[in-house]
Amino acid sequence: MMLRYLICIFALIFLVCCASDTYVEKENHIVIEVIELPTPNLVGNMFLEETLSQRRSRRTFSNVSLALADLSQLLWAAQGITHVSGKRTAPSAGALYPLEIYVVVGSVESLSQGVYHYDPEANSVNKILDGDMRQELLLAAGNQSAVGNAAIDIVITAVYERTTQKYGDRGIRYVVLEAGHVAQNIYLQCESLGFNTVSIGSFNDQEVKNLLNIEEDPLYIMPVGHPE
Ligand SMILES: Cc1cc2nc3c(=O)[nH]c(=O)nc-3n(C[C@H](O)[C@H](O)[C@H](O)COP(=O)(O)O)c2cc1C
């Protein structure tokens, strides 16, 4: 019975993939579209000390769209690859990289609304869901208005096993600490680009998982957009 069920699921995925230009990526999502991102800038306009002293949680946004280059820059700050060895902008225990980054896109130039998964190796985003999900994410985050009003919501998720298989239970601590590093990178990149953001930890995990159609555990939602 179980085997028949599994065969049906795989056949369904196969048929969906054949019927369109979709494919299944490593996190088991069916990818609707792959969008290459512009190369991120490695030189900015602000000194680190200024970004640190001005960083603040800001929860209001204008309805101006983000540019695709801005999205690229933010994702690179979160988890971009900065070394030939595959090492990234944020530190990771054992360089095991247990975090995944999703973007709920509401308003980005040349990018349709939907949910995207960041691929750091390819510097691309893979579209996994169509449509504007910000209002549903807003409900999952207890109606915190920043989530519904931002141009995008970056969702940081964890695959704990990547780290616990080496470090045991202590790996859970490492993964959560790593999300803090990533969130701070996003805060500082926002400050330097003149965007508002806030790290949101209060939301319903299961509702966020259902909405994004993911197996991983969400740790943070970071709404990002131009200031009002
Ligand atoms: C773990 C964590 C969870 C947080 N969750 C939320 C949240 O759910 N909603 C929110 O508006 N701010 C949230 N914040 C942001 C804090 O409210 C904010 O960092 C604090 O007020 C200090 O302000 P500052 O970030 O501007 O220095 C969270 C911050 C952290 C570190």
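# Loops, a helix pair and a ligand shell

Biologist: S110 sits in the loop between β4 and β5. This is a predicted model. Is S110 buried or exposed?

Modeller: Count the C-beta atoms around S110. There are 9 others within 10 Å. A residue with 12 or fewer is classed as exposed. S110 therefore counts as exposed.

Biologist: What is phi of S110 near?

Modeller: Most residues other than glycine have a negative phi. S110 is not a glycine, yet its phi is positive. The value is near 60 degrees.

Biologist: Which loop holds Y97, and how many C-beta neighbours has Y97 inside 10 Å?

Modeller: Y97 is in the loop between α3 and β4. Y97 also has a positive phi, about 50 degrees, without being a glycine. Burial takes 20 or more neighbours. Y97 counts as partly exposed because its neighbours inside 10 Å number 19.

Biologist: Now the helices. How far apart are the end C-alpha atoms of α3?

Modeller: α3 covers residues 68-79. Its 12 residues should span 16 Å at 1.5 Å a residue. The model agrees with that, as the end C-alpha atoms of α3 are apart by 17 Å.

Biologist: How many residues of α3 are buried?

Modeller: α3 is mostly covered. Its buried residues include L71, L75 and W76. They pack against β4, β5, β7, α7 and β9. Of the 12 residues in α3, the buried count is 10.

Biologist: At what angle do α3 and α7 pack?

Modeller: The axes of the two helices are 7 Å apart. Their crossing is right-handed. The packing angle is about 145 degrees.

Biologist: Which residues of α7 make that contact, and how do the contact residues divide by class?

Modeller: α3 brings D70, Q73, L74, A77, A78 and Q79. α7 brings V182, N185, I186, Q189 and L193. An α-helix has 3.6 residues a turn, so residues three or four places apart point the same way. By class, the contact residues of the two helices are six nonpolar, four polar and one charged.

Biologist: How far does α7 reach, from its first C-alpha to its last?

Modeller: α7 runs over residues 170-193, which is 24 residues. The expected span is 34 Å at 1.5 Å a residue. The model comes close to that, with a reach of 36 Å.

Biologist: Which residue just after α7 takes a positive phi?

Modeller: Its phi is about 85 degrees. The residue is G194.

Biologist: G171 lies in α7. Is G171 buried or exposed, and which residues does G171 touch?

Modeller: G171 has 20 C-beta neighbours inside 10 Å, so it counts as buried. Y160 is 11 residues away from G171 in sequence, with 7.2 Å between their C-alpha atoms. Leaving out residues up to four places away in sequence, G171 touches Y160, T163, T164 and K166.

Biologist: What is the make-up by class of the shell around the ligand?

Modeller: The residues around the ligand are R56, S57, R59, Q144, V198, S199, I200, G201 and S202. Sorted by class, this shell has two nonpolar, two charged and five polar residues.

Biologist: What share of the protein chain's contacts with a separation of 6 or more joins residues 24 or more positions apart?

Modeller: The chain has eight helices and nine strands. Of its 228 residues, 38% count as buried. Among the contacts with a separation of 6 or more, the share from residues 24 or more positions apart is 70%.

Definitions and conventions: Residues numbered from 1 in each chain as written. Predicted model: local features only at pLDDT ≥ 70, side-chain atom pairs only at ≥ 80, totals over all residues. Helix = DSSP H or I, 4+ residues; strand = E, 2+ residues; numbered from the N terminus. Expected span 1.5 Å × (residues − 1). Near = placed C-beta within 6 Å. Nonpolar A, V, L, I, M, F, W, Y, C, P; charged D, E, K, R; others polar. Contact = placed C-beta atoms within 7 Å. Axes fitted to C-alpha atoms, helices over the stretch in contact; angles between N-to-C directions. Left-handed = near helix turned anticlockwise from the far one by under 90°.
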